[in-house]
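Me: I have a structure open and want to go through it piece by piece. Can you take my questions as they come?

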Amino acid sequence: MSSTAGQVIRCKAAVAWEAGKPLVMEEVEVAPPQAMEVRVKILFTALCHTDVYFWEAKGQTPLFPRIFGHEAGGIVESVGTGVTDLKPGDHVLPVFTGECKECRHCKSEESNMCDLLRINTDRGVMLNDGKSRFTIKGKPIYHFVGTSTFSEYTVVHVGCLAKINPAAPLDKVCILSCGISTGLGATLNVAKPKKGSTVAIFGLGAVGLAAAEGARLSGASRIIGVDLNSNKFNEAKKFGVTEFVNPKDHKKPVQEVIAEMTNGGVDRSVECTGSINAMISAFECVHDGWGVAVLVGVPNKDDSFKTHPVNFLNERTLKGTFFGNYKPRSDLPAVVEKYMNKELELEKFITHEVPFSEINKAFDYMLNGESLRCIIRMGA
């Protein structure tokens with residue numbers, strides 16, 4: 001065990017004291033891990049739109065002060081009792097959802113929605129004792145989705161850590177712990193386009209571009225990108241997008257435009273925006289007889305959408321996915337290997353890099369729509 005095992009560690013963390021206000025660099029105390037918990041030294045973290053959404057706290061229960069961050073890579077510092085899968089020095093990706101390996105979901109080949117550890121955005125404490133492992137001068141600071149990676153050290157349930165190849169560069173593969181895997185898996189594991197097929201991707205942010213990357217890896221012949229911002233098309237070409245449609249450029253619904261372009265509809269579509277209109281379009285633009293649409297984007301809480309049941313009777317399929325249907329512990333190590341053997345490219349998703357002390361710049365880049373992924377270097 002390391003020399004700090006069993007001790008409280010004092011380190012730097014970026015704390016959100018209130019909604020929408022810049023994060024503040026603070027010295028925090030990080031308690032040792034309890035049963036089934038692991039303390040991790042975070043080396044790199046990235047900013048994902050979900051962090052921004054909960055930091056703004058416009059649509060959900062605000063919980064502050066809080067340490068955000070969930071897309072990251074680090075090294076195990078110490079482990080609590082009962083942890084057998086990990087040891088100090090192991091390289092890990094923390095994940096906002098988990099895999100206990102015991103529940104019905106974990107035992108099912110079809111699901112990755114663990115009963116114990118699936119995402120809970122309202123909980124700001126650890127499962128073991130209902131308390132936080134972070135304090136400032138003895139006052140608790142809340143956790144975020146079980147990860148809280150905007151801290152030099154964090155405590156995570158063992159079931160939310162994927163042990164990966166130590167040779168993998170953490171400053172690249174850290175982005176696989178959330179958005180990139182979500183988009184990639186939506187295509188590879190759920191839409192499953194056949195070689196030579198046509199695929200439409202709605203929303204060309206990091207998740208949508210990862211879905212396009214999945215279509216490219218699958219050998220799709222045409223990948224149609226749909227976005228309200230035409231500036232995104234040039235960048236999207238790097239991810240295999242061959243054609244671009246901006247719904248604002250057309251009088252008729254975008255699903256009709258796509259149907260005309262593709263002789264009746266695309267074989268597969270993946271929706272990565274969370275907009276109800278995009279969800280309807282994504283479903284209605286797939287070809288009858290075999291078309292499959294996959295929803296990835298997170299809707300607003302009161303949303304619902306309408307489509308005519310005949311769209312289903314004409315043999316179109318609508319599916320949803322959570323974290324690309326990957327089980328974090330079982331499946332992520334293999335996704336890292338796809339990068340290691342050069343099948344999957346990650347560098348093109350990383351548009352910015354900042355030292356930890358300048359983490360608020362990462363928020364600015366995202367709020368201004370300038371970045372796909374901004375890597376935050378913890379040691380700096």
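Predicted model: local features only at pLDDT ≥ 70, side-chain atom pairs only at ≥ 80, totals over all residues.

Me: Which residue forms a salt bridge with E213?

Reply: K348 does, and the closest N and O atoms of the pair are 2.7 Å apart. E213 sits in helix α5 (residues 206-217), while K348 is in the loop between α10 (328-340) and β16 (350-355). The two residues are 135 residues apart, so the pair links distant parts of the chain.

Me: Is K348 buried or exposed?

Reply: K348 is buried, because its relative accessible area is 12% and the cut-off for buried is under 20%.

Me: What else is linked with E213 and K348 in a network?

Reply: R216 and E345 are. Together with E213 and K348 they are linked in a network of salt bridges.

Me: How many salt bridges are in the whole structure?

Reply: A search finds 21. One of them joins R222 and E243, with the closest N and O atoms 2.7 Å apart. R222 lies in strand β11 (residues 222-226) and E243 in strand β12 (residues 243-245), so this pair ties together parts that are 21 residues apart in sequence. R222 counts as partly exposed, at 25% relative accessibility.

Me: What about D227, which residue does it form a salt bridge with?

Reply: K232. The closest N and O atoms there are 3.7 Å apart. D227 is buried, with a relative accessible area of 9%, whereas K232 counts as partly exposed at 29%.

Me: Why do such side chains pair?

Reply: Side chains of opposite charge can pair when their charged atoms come close.

Me: New topic, the sheet. What is the strand order in the open sheet of six strands?

Reply: The order is β12-β11-β10-β13-β14-β15, with parallel pairing. The edge strands are β12 and β15 (317-320), each of which pairs on one side only. From one strand to the next, the twist averages 20°.

Me: Over how many bridges do β13 and β14 pair?

Reply: Four. Strand β13 (residues 268-271) and strand β14 (residues 292-295) pair in the parallel sense. E271 stands opposite L295 in β14.

Me: Which strands does helix α4 lie across?

Reply: Helix α4 (residues 179-191) lies across β13, β14 and β15, and runs at about 140° to β13. Helix α5 also packs on the sheet, touching β10 (198-202), β11 and β13. The direction of α5 makes about 170° with that of β10.

Me: Now the rings. How many aromatic pairs does the structure hold?

Reply: Twelve. Among them, F96 and F323 form an edge-to-face pair, 5.3 Å centre to centre with 80° between the planes. F96 is in the loop between β5 (91-94) and α2 (104-107), and F323 is in the loop between β15 and α10, 227 residues apart. F96 counts as buried at 10% relative accessibility, and F323 counts as buried at 2%.

Me: And what sort of pair do F283 and F312 form?

Reply: A tilted one, with 4.6 Å centre to centre and 35° between the planes. F283 is in helix α8 (residues 276-284) and F312 in helix α9 (residues 310-313), 29 residues apart. F283 is buried, with a relative accessible area of 0%, but F312 is partly exposed, with 40%.

Me: Last one: which residues form one aromatic cluster?

Reply: Y53, F54, F64, F68 and F144.

How values were computed: Residues numbered from 1 in each chain as written. Heavy atoms only, no water. Salt bridge = Lys/Arg side-chain N within 4 Å of Asp/Glu carboxyl O. Buried < 20%, exposed > 50% of the residue type's maximum accessible area, 1.4 Å probe, protein only. Pairing = 2+ DSSP bridges. Axes fitted to C-alpha atoms, helices over the stretch in contact; angles between N-to-C directions. Contact = heavy atoms within 4.5 Å. Phe/Tyr/Trp six-rings, centres within 6.5 Å; stacked < 30°, edge-to-face > 60°.
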